[in-house]
Amino acid sequence: LNNDTGEGRLDWHFRKHTIDGRYIVVNTFQNSHQTHTNAIPQYEILNQNARTQTISLNDTWILSPTLLNVLRLGYNRFFGTSLPTDSTSLNSLGSAFPVLGKPVLPAITVNSRLVLSSNSTDQQTNVDADMDLVDAITLTHGNQTINTGAEYLRLQYMNRSYYYTMGQFTFTGTFTGDSMADYMFGVVNDATAESPQIEQTGIQN
């Protein structure tokens with residue numbers, strides 16, 4: 001796992017305004033796999049990259065000795081990709097199983113013996129973003145303090161993947177009484193596959 005972090009800041013005093021800004025970026029890279037019990041070392045390695053960016057701007061405005069206005073703007077964005085490093089598919093090995101999306105190694109489960117890969121070892125792209133704008137006013141009068149303001153929040157999400165397109169096959173021993181024997185004979189108890197590219201998106205205000 002490799003992490004790189006960068007940060008910038010701005011502070012400015014102008015008459016009745018105090019303005020500050022922050023920018024933080026974090027880049028992450030790693031190679032990983034989703035196998036729980038791995039009889040074949042390094043089966044289906046994923047190249048995973050992520051970038052997180054955070055921006056904040058604040059303006060504190062002293063309108064009078066009893067009146068204060070604080071304006072805050074924040075933005076956060078996450079962008080991540082997951083790419084299989086092995087483009088071998090069942091079809092390229094001579095199987096009649098079609099390539100439904102990006103060519104990738106199949107997910108195979110042999111009960112009580114091994115689990116190779118999973119249905120999430122496909123190509124994926126994830127984007128999360130949110131923006132928050134807050135304006136707060138504070139009025140002090142004698143022993144009384146009144147707070148008021150407004151806030152706007154926008155949330156955005158996007159996930160694009162080739163979930164299940166590699167084929168997920170489970171061998172349970174239903175046919176021979178032994179899950180490994182079922183695997184060697186190629187008799188599958190359960191098989192799941194989906195057509196390419198699932199995209200899930202949403203925006204909330």
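Which residues does Asn 69 touch, not counting residues up to four places away in sequence? Before the answer, some ground rules. This is a predicted model, where local features need pLDDT of at least 70, side-chain atom pairs count only at pLDDT 80 or more, and totals for chains, interfaces and linings use all residues. Residues are numbered from 1 along each chain as its sequence is written, and side-chain values use heavy atoms, with hydrogens and water left out.

Now the answer. With contact meaning heavy atoms within 4.5 Å, Asn 69 touches Asp 59, Thr 60, Trp 61, Leu 63, Asp 135, Ala 136 and Ile 137. Asn 69 has a relative accessible area of 12% and is buried (under 20%; exposed is over 50%, partly exposed in between, 1.4 Å probe, protein chains only).

Next, salt bridges, meaning a side-chain nitrogen of Lys or Arg within 4 Å of a carboxyl oxygen of Asp or Glu. The whole structure has four. Arg 9, Asp 11 and Arg 22 form a network of them. The closest N and O atoms are 2.9 Å apart for Arg 9 and Asp 11, and 3.5 Å apart for Arg 22 and Asp 11. Arg 22 is in strand β2 (residues 17-32) and Asp 11 in strand β1 (residues 2-14), so this pair ties together parts eleven residues apart in sequence. Strands here are DSSP runs of E, at least two residues, numbered from the N terminus. Arg 9 is exposed at 59%, while Asp 11 is partly exposed at 44%.

Another salt bridge joins Glu 199 and Arg 160 at 2.7 Å, N to O. Glu 199 lies in strand β11 (residues 198-204) and Arg 160 in strand β8 (residues 144-161), 39 residues apart.

Notes: Helices (H or I, at least four residues) and strands (E, at least two) are DSSP runs, numbered from the N terminus.
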